[in-house]
Amino acid sequence: MQKGLKVTWDDDSESGFQIGGEWNSSASMLVATVDSPISLKLLSISSSSSLESVESDKSSAEVKIARSVDNEGEEFENLFCGLFRLAEMFWSRVWFFGGAFCVCLCWFCLLTGADGQITQPEEVSAMRAIKQSLVDSNRNLNNWNRGDPCMSNWTGVLCFNSTLDDGYLHVRDLQLPNMNLSGSLSPELGRLSYMIILDFMWNQISGSIPKEIGNITSLELLLLNGNQLTGSLPEEIGYLPNLDRIQINQNHISGSLPKSFANLNKTKHFHMNNNSISGQIPPELSMLPNLVHLLLDNNNLSGYLPPDLANLPNLLILQLDNNHFDGTSIPASYSNMSHLLKLSLRNCGLQGPIPDLSRIPNLAYIDLSSNQLNGSIPPEKLPENMTTIDLSNNNLTGPIPSNFSSLPLLLKLSLANNLLNGSVPSIIWQNRTSSRPEGLEVDLQNNIITNISGSSNLPPNVTVRLQGNPICLNTNLVQFCGTQTQYISHIQSSENSNAFCPVQACPYEYAPSSPVPCFCAEPLIVGYRLKSPGFTDFRPYKYQFEGYLTNGLDLEIFQLYIDSFIWEEGPRLKMYLKFFPVYNVNTSSSVFNKNEVLRIRSMFTGCKIPDSEIFGPYELLNFTLWGPYEDVIPLSSKSGISKGALAGIVVGAVAGEEIVSLIILRLLMRKRQAVSKRRQLSKITIKIDGVKDFTYGELALATKNFDASAQVGQGGYGKVYKGTLADGTVVAIKRAQEGSLQGEKEFLTEIELSSRFHHRNLVSLLGYCDEESERVSLM
């Protein structure tokens, strides 16, 4: 027990008042006794530092004041002292309790906003339980301990704009991607019964998916990909009537697919690739009327391919690569999938013949490679919008049919490592339009081909590989049989048209595609990935993609700059995008306004960008807000007080005594001034040539929010991370740990001295970060 406050005063009445109290730090409670013949009856309210319960009778009152957070008692004791010191200014206890009531009224308005809105209590309790089950190493959820979730802008919590029929506000979205969270998902999630979006993407959360999520009947987006979740999929998820997308890829989910998933009549997207899901694909899934993407590649599925999947009326992509359908065949009914765009069954242990796929009118991508398919290639002509045909690494026999000709969009034809024989018709690669920048790659290696029928001349941008065939033993066809350099689409960066703009004149970046030359602006940087594109070469589709994405975001095409793209295993296409504001001749603004940032972000996080047939499904990897955007969505509110709550202070003050509002405002101003002073003291800037002052957001992006996988060392000073800056520079980032003895002055001295050392055997100092309590240097 720590000694608390004691305030005594007298007035002209017969009885005086004595208020004494003690602060119980272990119980977070201040117990005070009021000796008075007056009945004391006040509201029960809760706040970051407020009266939580007041108990009294007619003769005396034991006042128990409990706080809703675990911060120190100093702020509350100051408020309590201010409240009761106010009594000294009044000549009677009637005025005193009137003033006390006004204070309570003000604080009640502070919590609920001027209009009395507050989050449903059961949801508040659930949110606290959710936080307790998580490990928040970056302290992103610090403000979940104070205030009201909806009114105090809790990190990642988005609520409906108005109260529902029960008179409460309710949580609409819980969006916590890329926050380095670990721990587990609490079953209390099921109590957020009005939630639409549940997003924990790209964290390190383990454990199983709570079955209680099946209670959220309003849920539309279940986004849990990129974690370490284990266990089986709950049957209860199959009874979510409004679910549009289940995205659990890149976890460690095991067990079988629940048959209850056949009830998901509104679901369009099953993204469950890269897990350990096993067993038979339930034939009942063929009953799903709206399913467009079925991505189950890289799992442990077995059994047979259900022929009934051909009955899915809107299926566009069937991707089941790297499973174990050993000894089974491709159902002939798959030829009847009238809307199918992509069929990918690579490395599934399939046997038997290739069905006739020519009857699928919009089919553009076929990958049946690395199976044990046999028989001849069907001779029927395939649709003209084919981009990719991969039948390599099978046991196919017979001649190569000429039906691969007259496919104007074809980019890749791979028939390598089969038993194909006879002549290869040159019509397959002839008559290609030489002006087209993209090329055609025909891989026929390691077959039994003995001749080329037709011309042996290769058009520009066409590559044909015949190595390992008898034809290369009998002739000197260097262009077919010689050593060839294979195009590998690795990291590619777009060209920048602002090479001649003055670097020193722009504190941000020059917008590369802006119609205004050398327009200096700060872009929004987005990590983005196409999960199942309908092509293997992005270059021919780059401009089309720019138009598709900017149209979906309601932006001008010149606002998008594709900074880089890289093909990953899958194949999937990862890219980093930059979105620039439009130049405004009236304001000359170089940044997006807050509303536009929030709008663009919501388009990505809410999966509102329309689907594309050729580009397929996408996933958001990160949406980084730094520089002038870093406060658009604060990760952790300093005060936990919303604008509506501040308005409540004013309303409460007008309803009560002016002096009460002055006390409250003084407390808030004192706190705000203290925070401002600390910020000023923590940002003593220095200017050193060649050393950049980085923002915390830039370094968080470079290290994936200081992810443990990026850590390469540790010492008494803190941790060292490997990071990659936005321009591709690989750096070592030393971050001082919390509680380090190194102060501001010592840190800046280290930076200044390190900048002076230059030697070929020493790393050079590139920059530093000195935001808030961060002490970070880059080498």
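Phe 538 counts as buried because its relative accessibility is 0%, and Phe 545, also at 0%, counts as buried too, where buried means under 20% relative accessible area with a 1.4 Å probe and protein chains only, exposed means over 50%, and partly exposed lies in between. This is a predicted model, in which local features need pLDDT of at least 70 and side-chain atom pairs count only at pLDDT 80 or more, whereas totals for chains, interfaces and linings use all residues. Residues are numbered from 1 along each chain as its sequence is written, and side-chain values use heavy atoms, with hydrogens and water left out.

A search of the whole structure gives 20 aromatic pairs, a pair being two rings of Phe, Tyr or Trp (its six-membered ring) with centres within 6.5 Å, called stacked if the planes are under 30 degrees apart, edge-to-face if over 60, and tilted for the rest. One of them, Tyr 528 with Tyr 618, is stacked, at 5.2 Å centre to centre and 15° between the planes. That pair links distant parts of the chain, since Tyr 528 lies in strand 34 (residues 524–530) and Tyr 618, 90 residues apart from it, in strand 37 (residues 618–624); strands here are DSSP runs of E, at least two residues long, numbered from the N terminus. Both tyrosines, Tyr 528 and Tyr 618, are buried. Returning to Phe 538 and Phe 545, their ring centres are 5.7 Å apart and their planes are at 75°, so this pair is edge-to-face.

Terms used
Helices (H or I, at least four residues) and strands (E, at least two) are DSSP runs, numbered from the N terminus.
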